[in-house]
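These are my notebook entries on one protein chain. I looked up a pocket, a helix and several loop residues.

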Amino acid sequence: MRDWLAREPIIITSGKGALLRDVNGKEYLDANSSIWTNLHGHGDPRIDAAIQRQLKKIAHSSALGLANEPASLLAEKLIAAANSDDAECGTRNAKLANASSIPRASRLTPHLTKVFFSDDGSTAMEVALKLAYEFARRQGQKRPRFLSLEGAYHGDTIGAVSLGHIDRFHKAYAGLLFKTDAVKAPYCYRCPFNRAKPQRADAREYRKCKWECVDAIEQKFAQQKRKRGPYSAMVIEPLIQGAAGMIPQPAGWLRRVAEIVRDHRAQLIADEVLTGFGRTGLGPPLSSETPHASPSLFACHHENVQPDFLALAKGMTAGYLPMAATLVTQAVFDAFLGEYSEFKTFFHGHSFTANQLGSAAALASLELLHTRSSLRARVQLEQSLRDQLQTLWPLGNVGDVRQVGLIAGVELVKNWKTRESFDLREQAGLRVCEAMARRGVLTRPIGNVIVVMPPYCTTAGQIEKIVSVLRQSIGDVLAESQDAR
Ligand SMILES: *Cc1c(COP(=O)(O)O)cnc(C)c1O
């Protein structure tokens, strides 16, 4: 806090596309999409117009005992997208699904059928947690218990914090939390089971292991079953753990873990607050002739996994307004269905649940995500990010460069050959980000990891600038950066 008080903050006044402008008229590239929320850029005329159109009708009315149009339409679209059978690309999908041996998300089970709206990622997870807890109890489990990953981050409310495992954020509140179990997350770059020496590539590509991390999860489930009865649910950030430090999972990890969860009849809670709405790229192409004709918007589907609970927020309104959703199965919904006198309903709701302005923005964003130009832009962005990030490998202070779709993390180290970390007190990540800000690129570090995840409208030229500013800033700030190789 002293550092914050001692400095003049950058005060943002406006934004257009991937650019932000401050009170002094200085421009910055928004290299972390305003903390991972913005999808199509700032001031997108189509989203602005959708919000303005809605504003002429009404900004907000309560969803307690009432419904409204935009939120109802949004729920329908979210369900379609989450089961990969949207109206827009439904017929196209069906044809391709028949033509291809690759299982499409539309064939995945369970079917997600119901939507609970709330305000942000934390509340979306809080809702998933409370529903999963009570669902398990109504299935006869006396003390439902949850498993999540080391380094997990699911939000800052007490339930979400209980599911999380980042000591620096969570330790102070230990007395307030309920107990959940943690299990090893796949962090290939620093995995004790990875016997490979450091190389100049994403650690997932050259790792040497026998999937011990997956075995650990299987063991954890088996052990729990013997001791206390089965886990009720496992919570996962699919494909990449965000606040843990942009830690990506090796291909096949999610699929394997989902099978373990299913084998043990536990529920799978997917926290796609960060990864949802196309952030993790378009997934594997259907074939070379029809690349990405029906891409799913969700990370789980890249490995043909369908969760029982899907939590969405950050990008849901394209980053324009605070709104979130928790998608669930019919089985969960039915567990809360009863006569008035049974009081089986889910006693949970927020004042701004199903907010109309947010719904209007989210509907407009979903439409944009399905356009050809958005698909093309995302394919190009993923590729230019991949190409540009390669230019970081010659730097001795770059230990790992990892990318999942349109999300990248660059882990700074003292010495790439030993993977030796900077002490957090050295503020390596913060200092590099400050140097980047001076050169007109804004992002926030997670400890020693620099996050690069710009809006989808970011051009190849802007990506080149973001990465070259990162490269120069590492050079400015960190001593060893020149003697790589
Ligand atoms: C940001 C985030 C949250 C919390 O979302 P808020 O909107 O900040 O409450 C939860 N889970 C994940 C994976 C996140 O990245």
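I count two residues as being in contact when they have heavy atoms within 4.5 Å. The model is predicted, so I noted the limits: local features need pLDDT of at least 70, side-chain atom pairs count only at pLDDT 80 or more, and totals for chains, interfaces and linings use all residues. Residues are numbered from 1 along each chain as its sequence is written, and side-chain values use heavy atoms, with hydrogens and water left out.

**Entry 1. Gln-306**

I located Gln-306 in the loop between β10 (267–271) and β11. I take helices (H or I, at least four residues) and strands (E, at least two) as DSSP runs, numbered from the N terminus. Is Gln-306 buried or exposed? Gln-306 is buried, at a relative accessible area of 3%; buried means under 20%, exposed over 50%, and partly exposed in between, with a 1.4 Å probe and protein chains only.

I then listed what Gln-306 touches, not counting residues up to four places away in sequence: Ala-82, Asn-83, Leu-108, Thr-109, Pro-110, Leu-112, Arg-262, Leu-268 and His-301. Two polar contacts were noted. For these I require a pair of N or O atoms within 3.5 Å; within protein, one must be able to donate a hydrogen and the other to accept it, and residues adjacent in sequence count only if both atoms are side-chain atoms. The side chains of Gln-306 and His-301 are joined by a polar contact of 2.6 Å. A polar atom of the Gln-306 side chain also lies 2.9 Å from the backbone oxygen of Ala-82.

Among the residues touched by Gln-306 are Thr-109 and Pro-110. I found a cis peptide bond between Thr-109 and Pro-110, with omega about 0°. Pro-110 is placed in the loop between α5 (87–99) and β4.

**Entry 2. Helix α4**

Ala-82 is one of the buried residues of α4, together with Pro-70, Ala-71, Leu-74, Ala-75, Leu-78, Ile-79, Ala-80 and Ala-81. I recorded that the buried residues of α4 pack against α3 (45–57), β4, β11 (309–312), β12 and α13 (356–369).

I checked the span of α4. The expected span of a helix is 1.5 Å times one less than its number of residues. The 14 residues of α4 should therefore span 20 Å, and this agrees with the 20 Å between its end C-alpha atoms.

At the start of α4, a side-chain oxygen of Asn-68 comes within 2.8 Å of the backbone nitrogen of Ala-71. Just after α4, Ser-84 has a positive phi of about 50°.

**Entry 3. The second largest pocket**

Which elements each supply at least two residues of the lining of the second largest pocket? I found α4 (69–82), β4 (112–118), β12 (324–329) and α12 (330–335). The most is given by β4, with 4 residues.

On a 1 Å grid over the protein atoms alone, a cavity is a set of points where a 1.4 Å probe fits but cannot get out, whereas a pocket is an open set with protein on both sides within 12 Å along at least five of seven lines; lining residues have an atom within 4 Å of a point. The second largest pocket holds about 790 Å³ of space; grid points are joined across faces, edges and corners, and the volume is the space filled by probe spheres set on the points.

I noted 31 lining residues, of which Lys-114, Val-115, Phe-116, Phe-117 and Phe-333 lie nearest the centre. The lining divides into 19 nonpolar, 9 polar and 3 charged residues. In this scheme Ala, Val, Leu, Ile, Met, Phe, Trp, Tyr, Cys and Pro are nonpolar, Asp, Glu, Lys and Arg are charged, and the others, Gly among them, are polar.

**Entry 4. Glu-272**

Glu-272 is also in the loop between β10 and β11. I noted Glu-272 as buried, with a relative accessible area of 0%. Leaving aside neighbours within four places in sequence, Glu-272 is in contact with Pro-238, Phe-298, Ala-299, Cys-300, Leu-310, Ala-311 and Leu-312. A polar atom of the Glu-272 side chain lies 2.9 Å from the backbone nitrogen of Cys-300.

Ala-318, in the loop between β11 and β12, has a positive phi of about 65° although it is not a glycine. Ala-318 counts as buried, at 0% relative accessibility.

Arg-439 lies in the loop between α15 and β15 (441–442) and is partly exposed, at 32% relative accessible area.
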